[in-house]
Amino acid sequence: MITFPIAKINLGLNVVERRADGYHNLETVFYPVPVSDALELTIMNPKFPSAVDCDIKVTNISVEGDEQSNLVVRAYHLLKQDFQQMPRVHAHLFKGIPTQAGMGGGSSDCAYTIRLLNEMFTLGLSDDQMISYAARLGADCPFFILSRPAYAEGIGERLQPIDLDLSGYHIAVVRPDIPVSTKEAFALITPAKPAKCCYDIVRQPIETWREQLVNDFEQSVFVLHPEIAAVKERLYDLGAVYAAMSGSGSAVFGLFRSPVDLTAHFPPELFTYCHSL
């Protein structure tokens, strides 16, 4: 069976306080966007000489790290603990979502694996149960079980549906070839509650977002990597109604009222994408 994990953007991202466990509490609005991977799971032949229960092949975009640490494999093993009747599987992950971009590609792959396994093997898991499993693998993972606009608190795992519809707009994404250290980005931020919560701002007219809807990571990341800041300004120059970095970067997105040809304005080696929402 095959599924298509989608990406997300952050509409506002505020680091509000440091937690006792060393993590940070956030406030953000997750919004799904149609940049996607393709994930296929097939049942492994019982006679196939594999040393693992879930092997994985990743194509198109390379992913760092050991294959068995991939979130697809980890999601399989998490469910296997409780559903030992699940057979061994092969996973083929075609990456279309850029990595190290702040768009949640790995988290989405994790959540969609849980959804696909639930369907393939008739596990009978409810949405809430799948969300609970996803939360054990990463803070952004629960959002992708439903992939609907949501306001998030905590480390990103506490979700509240939000009535937000950006259909009619076009999203443009540019991912500079610059790895961003989330640890460094956090280190340069002084946590504080914003004057106005992103939940309230996104319910205002989109024309007000530019001056009020803030990603706190931009302040530190743009100092470390001014090239990323330049992408944001370029999107505004091209007519974006709103532009921001997603997550801790390095992808930057712009919301436009009509399509924009990014290939005419950015070097060909950069990841670029434009699609209607």
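Two strands count as paired if DSSP finds at least two bridges between them. The model is predicted: local features need pLDDT of at least 70 and side-chain atom pairs pLDDT 80 or more, while totals for chains, interfaces and linings use all residues. Residues are numbered from 1 along each chain as its sequence is written, and side-chain values use heavy atoms, without hydrogens and water.

In β12, S276 is the bridge partner of H170. Strand β9 is also joined to β11 (residues 252-256) by five bridges, again antiparallel, with F253 of β11 partnering V173. Six of the six residues of β9 (residues 170-175) are buried, so the strand is largely enclosed by the rest of the structure; buried means under 20% relative accessible area, exposed over 50%, and partly exposed in between (1.4 Å probe, protein chains only). H170, A172 and V174 point one way, and I171, V173 and R175 the other.

Turning to another sheet, four strands form an open arrangement in the order β1-β4-β6-β5, with mixed pairing. Because β1 (2-3) and β5 (54-59) stand at the edges with a single partner strand each, one side of each is left without a neighbour in the sheet. Two bridges join β1 to β4 (residues 38-43) in antiparallel fashion, and I2 stands opposite E40 in β4.
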